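Dear colleague,

Please find the structure below, with its sequence. A short account of the findings comes after it.

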Amino acid sequence: DQLEQSEHEIARRARTENDLSRFLPAEVAKAIANGERALTLGGQRRSVSVLFADVASFTPFAESSSPERAVEFLNELFSIVTAVVFRHGGTVDKYIGDCVMAIFGAPAEQPEHCQRALLAAEAIHRFVAAAAPAWSETYGLRAALAIGVSSGEALVGNLGTEQRLEYTAIGDIVNVAARLEGVAQGGQTLVTSV
């Protein structure tokens with residue numbers, strides 16, 4: 001009986017971790033599922049790098065395409081960007097329309113978070129360039145991403161309410177990264193000095 005109960009508990013934790021990891025960084029989801037961390041509001045100051053990646057010239061495509069077609073393209077793009085971010089040890093913070101926000105250096109501390117963010121940006125450009133001809137043929141869109149990266153101190157943790165919260169970073173570096181992405185051209189990464 002104890003063995004069966006243990007197996008059920010392990011399976012329950014795995015399901016909980018899997019469900020939570022769809023909304024929270026994998027490390028945070030695992031700690032919550034194992035009872036090592038609570039889902040509470042608040043955070044801590046961390047030295048991090050924030051990356052924003054946005055599809056250049058997406059608005060004309062979205063205006064001339066059906067929502068289903070736009071979402072199909074975005075899901076393909078987000079699959080690539082997310083895989084690259086994860087491969088470089090980053091956390092996908094959120095998807096904002098056709099933009100991805102990622103954090104490097106949280107929840108796990110990474111002294112080389114800036115280097116990881118820049119390597120991820122380079123890899124994202126390479127993968128998007130490789131997929132661009134197929135996307136051009138399928139969707140009629142010349143896909144290129146504008147990327148902004150900023151490094152510094154931010155408050156990282158859970159923001160929102162007790163009913164709905166989101167793991168994110170807050171601070172000036174987040175705003176700077178978003179602004180850099182906003183002025184970058186397709187295929188370009190703009191970064192603050194470190």
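Predicted model: local features only at pLDDT ≥ 70, side-chain atom pairs only at ≥ 80, totals over all residues.

Residues are numbered from 1 along each chain as its sequence is written, and side-chain values use heavy atoms, with hydrogens and water left out.

Cores. A nonpolar core is a set of buried Ala, Val, Leu, Ile, Met, Phe, Trp, Tyr and Cys residues joined through side-chain atoms within 4.5 Å; buried means under 20% relative accessible area, exposed over 50%, and partly exposed in between (1.4 Å probe, protein chains only). The largest such core has 31 residues, and Phe-73, Leu-77 and Trp-135 are among those with the most contacts inside it. Elements giving two or more residues to this core include strand E1 (42–55), helix H4 (67–87) and helix H5 (113–139); helices (H or I, at least four residues) and strands (E, at least two) are DSSP runs, numbered from the N terminus. The largest share, nine residues, comes from H5. Another core lies apart from it, with 14 residues, among them Phe-52, Ala-154, Ile-173 and Val-174.

Ser-150. This residue belongs to strand E4 (residues 145–160). Ser-150 counts as buried because its relative accessible area is 2%. Its contacts (heavy atoms within 4.5 Å), not counting residues up to four places away in sequence, include Val-48, Ile-173 and Thr-192. A polar atom of the Ser-150 side chain lies 3.5 Å from the backbone oxygen of Ile-173.

Salt bridges. With a salt bridge defined as a side-chain nitrogen of Lys or Arg within 4 Å of a carboxyl oxygen of Asp or Glu, the count comes to five. Arg-45 and Glu-153 form one of them, at 2.7 Å from N to O. This pair links strands E1 and E4 across 108 residues. Arg-45 is exposed at 62% relative accessible area, whereas Glu-153 is partly exposed at 48%. Lys-94 forms salt bridges with Asp-93, at 2.7 Å between the closest N and O atoms, and with Glu-166, at 3.2 Å.

Surface. Leu-155, Leu-159 and Ile-170 make a nonpolar patch of about 270 Å². Patch residues have over 30% relative accessible area and no salt bridge, with like charges joined within 9 Å and nonpolar side chains (Val, Leu, Ile, Met, Phe, Trp, Tyr) within 5 Å; accessible areas come from the Shrake-Rupley method with a 1.4 Å probe, and for residues only the protein chains shown count as cover.

Yours sincerely

Definitions and conventions:
Polar contact = N/O pair within 3.5 Å; in protein donor to acceptor, adjacent residues only side chain to side chain.
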